[in-house]
Amino acid sequence: MIFKKLNISILNKILFSFFLVILNSYYLSAQKNNFSYFKLCVTNKKNEVLLVKYNGIWELAGKKYIDPRTISQFTGFMADELGIKFKDLRLRGLFTFYYNKGTYPILFNYYSAKYKSGELKIPPGCTDIAWFPIKRAIKIIPFETMKAILTKMYQKKRYVWGASIRIFKKPNSLVNTIKMEEDFYPLSK
């Protein structure tokens, strides 16, 4: 046995065994840095899309989903932070984003909804919030992934899209390069 060869005391054997059990259970249950992220695309009666300004950049409202709430509760919470109520929440896409040479993806859930009521308020961490015509929103959003996804969402309004995208983030740059690992495909029609 390994313990005889190492001449380890009983207490050390117990501590070593306990350490191995803890280490093994950690590796079996660890998430390996993958998680979900929600993006909420709300449109009004004028067919304008709601964008927030985060770090000086206009984009769709989004939030990391590491939460005990259900999907409907979480998207409702996101809307509350924007000061609005919405209706007709629909899943519009599930996308795996791989950053740089990372192995484990982040799952991005894109939802669409229609504005129902409320006064816009700037959510935490943002500096502005506003409605934009969809074509203008696509032009001012600097993220190629978000532009491509929004374009797909409004080409085929009933589809739920999937894709896998590798994003190469450049330090101190807003512009990222992307590589489609799997091009857009319908998950449902």
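**Close-up views of a predicted model**

**View 1. Aromatic rings meet in 13 pairs.** The count comes to 13 aromatic pairs, where rings of Phe, Tyr and Trp (its six-membered ring) pair if their centres lie within 6.5 Å, and planes under 30 degrees apart count as stacked, over 60 as edge-to-face and the rest as tilted. One of them joins Y115 and W131, with ring centres 5.4 Å apart and planes at 80 degrees, so this pair is edge-to-face. Y115 belongs to strand β6 (residues 106-118) and W131 to strand β7 (residues 128-133), so the pair links distant parts of the chain, 16 residues apart. Helices (H or I, at least four residues) and strands (E, at least two) are DSSP runs, numbered from the N terminus. Y115 is partly exposed at 26% relative accessibility, and W131 is partly exposed too, at 21%. Here buried means under 20% relative accessible area, exposed over 50%, and partly exposed in between (1.4 Å probe, protein chains only).

This is a predicted model, in which local features need pLDDT of at least 70 and side-chain atom pairs count only at pLDDT 80 or more, while totals for chains, interfaces and linings use all residues. Residues are numbered from 1 along each chain as its sequence is written, and side-chain values use heavy atoms, with hydrogens and water left out.

View 2. The rings of W161 and F184 have centres 6.4 Å apart and planes at 85 degrees, so they are edge-to-face. W161 lies in strand β8 (residues 160-168) and F184 in strand β9 (residues 177-188), so the pair ties together parts that are 23 residues apart in sequence. W161 is buried at 6% relative accessible area, and F184 is buried at 16%. The charged end of K152 sits over the ring of W161, 4.7 Å from its centre; this requires NZ of Lys or CZ of Arg within 6 Å of the ring centre and within 35 degrees of the ring normal.

**View 3. T145 sits in helix α5 (residues 144-155).** Is T145 buried or exposed? With a relative accessible area of 8%, T145 is buried. Leaving aside residues up to four places away in sequence, T145 touches F97, I165, I167 and I178, where contact means heavy atoms within 4.5 Å.

View 4. N47 is partly exposed at 39%, whereas N55 is exposed at 61%.
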